[in-house]
Amino acid sequence: MAKAPTKATVARHSQQIAVSSGLTKRQRRDTWLGLAFVSPWLVGFLVFTIYPVIASLYFSFTDYNVVSDPRWIGFRNYTDLFSDPLFGETLYNTLYLAVLGIPFSLILSLLIAMLLNNKLKLQGMFRTVYFLPSVVPAVAAALLWRWFLNPDYGPINEVLWQVGINGPGWLSDPRWAKPALILASLWGVGGSMVIYLAGLQNVPTPLYESAHLDGANAWQRFRFVTLPMLSPVILFNLVMGIITSFQSFTNIYIMTGGGPSNSTMVYALYLYQNAFQFFRMGYASAMAWVLLLITAVALIAIFRTSGWVHYESRS
């Protein structure tokens, strides 16, 4: 008659099996416990991020208007997009706002950060005042700027009139609509300013002292100390500026609605119109994937040409 295994034998066999699988019993229990805790985030990520991405890729190859079932049409949405005259116009408007707006934003936020990095009275108050506009809701800021830029009673044209200049119709003139949007976008440089300010405070003081002893003037200290040390921050703000600029929507939708004469019709606004006004979900999905491709190409080009960035860990 076979002898029954003892408890010690069973425990030893269980431990051997666990070791052979790579995890002990306690480690497996901790793993399942950890997965249980993060499961709400995992479910949300799968449902609200991964599924919409995969669904939009599928819809981009279909004729889908929300009401009826999607019908597979292959690459027709993409070919129609490249023959759409508004595609080129919206792409031009988006690039115009990005190419002119991002440098202005980077320079202005850097200048404000350098001013606020000096030891002044009420330094904290000034930093708060310059940062506050960036936390104002986008809709409220857009309505405020629509009033600022009103050609009849807006404060900007009122100031210009006081100095003898007849102000333009900022948002009603196709020649001035895009510059007006760039001007309004500078309202939100507080976020970039705070990041620059943190970067400036991490520049080692001995570098400035050594440059001063070598006879470097203020411009040379800025050119050869501040800029190289801030270059990773500049790259970060540049990348974020490109992504944000390509997705510009709220302020333009509120301030101009894409007019006048489509002079401010940007890519994201045209995509929104196709999806939620014309219910061309398949076409809008194709536009979204083309926008993703354009953004990826722009960012790859930025990183490929980022040899000007100074990383302290490599020096």
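In this predicted model, α14 gives the largest share of the lining of the second largest pocket, with eight residues. The helix α14 spans 281–304. Three other helices, α2 (25–59), α11 and α13 (267–276), are also among those that each supply at least two residues of this lining. The volume of the second largest pocket is about 560 Å³. Its lining comprises 22 residues. Closest to the centre are Ser56, Leu271, Ser285, Ala288 and Trp289. By residue type, the lining of the second largest pocket holds 18 nonpolar and four polar residues. No charged residue takes part in it.

The largest pocket has a volume of about 890 Å³. A total of 35 residues line it. Nearest its centre lie Ser185, Gly188, Thr244, Ser248 and Asn251. Here α4 provides the largest share of the lining, six residues. This helix covers 85–116. At least two lining residues each also come from α6 (138–148), α8 (174–185), α9 (190–201), α11 (218–246) and α12 (250–255). The lining of the largest pocket divides into 20 nonpolar and 15 polar residues.

Backbone geometry was examined next. The loop between α12 and α13 contains Pro260. A cis peptide bond links Gly259 to Pro260, with omega at about -5°. Ser261 is found in the loop between α12 and α13 as well. Phi of Ser261 is positive, near 55°, in a residue other than glycine. Ser261 has a relative accessible area of 62% and is therefore exposed, as the cut-off for exposed is over 50%.

A positive phi also occurs at Val66, a residue other than glycine, with a value near 75°. Val66 is placed in the loop between β1 (62–63) and β2 (71–72). Its relative accessibility is 40%, so Val66 counts as partly exposed. That class lies between the cut-offs of under 20% for buried and over 50% for exposed.

How values were computed: Residues are numbered from 1 along each chain as its sequence is written. This is a predicted model: local features need pLDDT of at least 70, side-chain atom pairs count only at pLDDT 80 or more; totals for chains, interfaces and linings use all residues. Side-chain values use heavy atoms; hydrogens and water are left out. On a 1 Å grid over the protein atoms alone, a cavity is a set of points where a 1.4 Å probe fits but cannot get out, and a pocket is an open set with protein on both sides within 12 Å along at least five of seven lines; lining residues have an atom within 4 Å of a point. Grid points are joined across faces, edges and corners, and a volume is the space filled by probe spheres set on the points. Helices (H or I, at least four residues) and strands (E, at least two) are DSSP runs, numbered from the N terminus. Ala, Val, Leu, Ile, Met, Phe, Trp, Tyr, Cys and Pro count as nonpolar, Asp, Glu, Lys and Arg as charged, and the others, Gly among them, as polar. Buried means under 20% relative accessible area, exposed over 50%, partly exposed in between (1.4 Å probe, protein chains only).
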